[in-house]
Amino acid sequence: MKRGTAFLLVLCLLCGLCCLPAAADDAFNTVQYFEDGSRLVTTIFPGCVDDDVGWHNESAEGGGNRVTRSMTRIYYDADNHADWKVVLTATFRLGLLRAVCVDYETKYKIYDHAWYCADTRAEMRANTCKADFTLCLTAAGTVVHTTNVTLQLVCDRKGNVAAEPQKNALDLGVLRRWLLSLRQFFARFFAAA
């Protein structure tokens with residue numbers, strides 16, 4: 001009787017960890033204002049951005065449930081004109097315990113010809129995709145200002161995508177220690193029975 005009850009308890013705990021529904025992300029904006037009247041608008045939204053800008057693409061094979069999110073950052077000058085836009089789109093494959101980034105695309109668009117993009121780098125690692133852009137402002141052919149922009153998308157195992165890791169995300173180290181202590185408990189429990 002004790003063994004049957006213990007088995008059902010473990011089964012319920014594991015089902016509770018693995019059978020959580022995926023939550024959907026809605027688009028949201030954040031705006032950072034600067035003293036000179038310019039601003040930086042950042043948006044994360046479902047799907048891809050497609051406006052005929054050059055793409056950098058690296059892909060990895062994989063199946064299963066996937067979620068794709070895009071992050072855009074647009075710089076508006078003090079006269080409310082868009083000067084540039086950078087975009088990171090990442091696709092994550094969802095698993096029972098974690099999400100893994102399997103594909104990304106980066107792109108940029110220059111609206112004001114005084115700006116240009118000097119460098120673009122991106123990487124995907126585990127459940128995170130990060131892109132770095134170096135944008136330069138020129139005057140009379142000379143670079144007068146350089147801006148480094150970093151975009152990052154992080155996905156949790158439920159499919160929630162944000163710019164920073166979620167504080168309530170599953171820590172695999174904690175889960176491993178919990179399962180080890182649970183195993184030790186049941187080893188002692190069944191040895192005593």
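1. The surface first. The protein exposes about 11,800 Å², and 55% of that area is supplied by carbon and sulfur atoms. Note that this is a predicted model. Buried residues account for 33% of the 193 residues.

2. Overall make-up. The protein has two helices and ten strands. Among contacts between residues at least 6 apart in sequence, 54% join residues at least 24 apart.

3. Pairing of β4 and β5. These two strands run antiparallel and are joined by eleven bridges.

4. Pairing of β5 and β6. Here too the sense is antiparallel, over eleven bridges. T91 has D103 in β6 as its bridge partner. β5 and β6 form a hairpin with four residues between them. β5 therefore pairs with β4 and with β6, and eleven of its 13 residues are buried, so the strand is largely enclosed by the rest of the structure.

5. The open sheet. Four strands make up an open sheet, in the order β7-β8-β9-β10, with antiparallel pairing. Its edge strands are β7 and β10 (161-162), each of which pairs on one side only. Two bridges join β9 to β10. V154 has A162 in β10 as its bridge partner.

6. The nonpolar core. The largest nonpolar core has 25 residues, of which W84, F92 and L153 touch the most other members. At least two residues each come from β2 (39-46), β4 (66-76), β5 (82-94), β6 (99-110), β7 (115-125), β8 (128-139) and β9 (142-155). The largest contribution is that of β5, with six residues. As background, nonpolar side chains tend to be buried together in soluble globular proteins.

7. Surroundings of F92. Which residues does F92 contact, leaving aside its neighbours within four places in sequence? They are N65, R66, V67, A99, V100, C101, N127, T128, L153, V154, C155 and V161. Among them is L153, which, like F92, is one of the core residues that touch the most other members.

8. Salt bridges. How many salt bridges does a search of the whole structure find? There are two. In one, the side chains of D119 and R121 meet with an N to O distance of 2.1 Å. D119 is partly exposed at 30% relative accessibility, and R121 is also partly exposed, at 43%. In the other, R125 is joined to E123, with the closest N and O atoms 3.1 Å apart. R125 counts as exposed at 56% relative accessibility, because exposed here means over 50%. E123, at 35%, counts as partly exposed.

9. Aromatic pairs. A search of the whole structure finds eight aromatic pairs. One of these, F186 with F189, is edge-to-face, at 6.5 Å centre to centre and 90° between the planes. Both residues lie in helix α2 (residues 172-192), three residues apart, about one turn of the helix. F186 is buried, with a relative accessible area of 12%, whereas F189 is partly exposed at 25%.

10. The second ring partner of F186. F186 and F190 form a stacked pair, 6.0 Å centre to centre with 25° between the planes. These residues also lie in helix α2, four residues apart, about one turn of the helix. F190 counts as partly exposed, at 29% relative accessibility. Ring pairs link F185, F186, F189 and F190 into a cluster.

Key: Residues are numbered from 1 along each chain as its sequence is written. This is a predicted model: local features need pLDDT of at least 70, side-chain atom pairs count only at pLDDT 80 or more; totals for chains, interfaces and linings use all residues. Side-chain values use heavy atoms; hydrogens and water are left out. A nonpolar core is a set of buried Ala, Val, Leu, Ile, Met, Phe, Trp, Tyr and Cys residues joined through side-chain atoms within 4.5 Å. Buried means under 20% relative accessible area, exposed over 50%, partly exposed in between (1.4 Å probe, protein chains only). Contact means heavy atoms within 4.5 Å. A salt bridge is a side-chain nitrogen of Lys or Arg within 4 Å of a carboxyl oxygen of Asp or Glu. Two strands pair if DSSP finds at least two bridges between them. Accessible areas come from the Shrake-Rupley method with a 1.4 Å probe; for residues, only the protein chains shown count as cover. Rings of Phe, Tyr and Trp (its six-membered ring) pair if their centres lie within 6.5 Å; planes under 30 degrees apart count as stacked, over 60 as edge-to-face and the rest as tilted.
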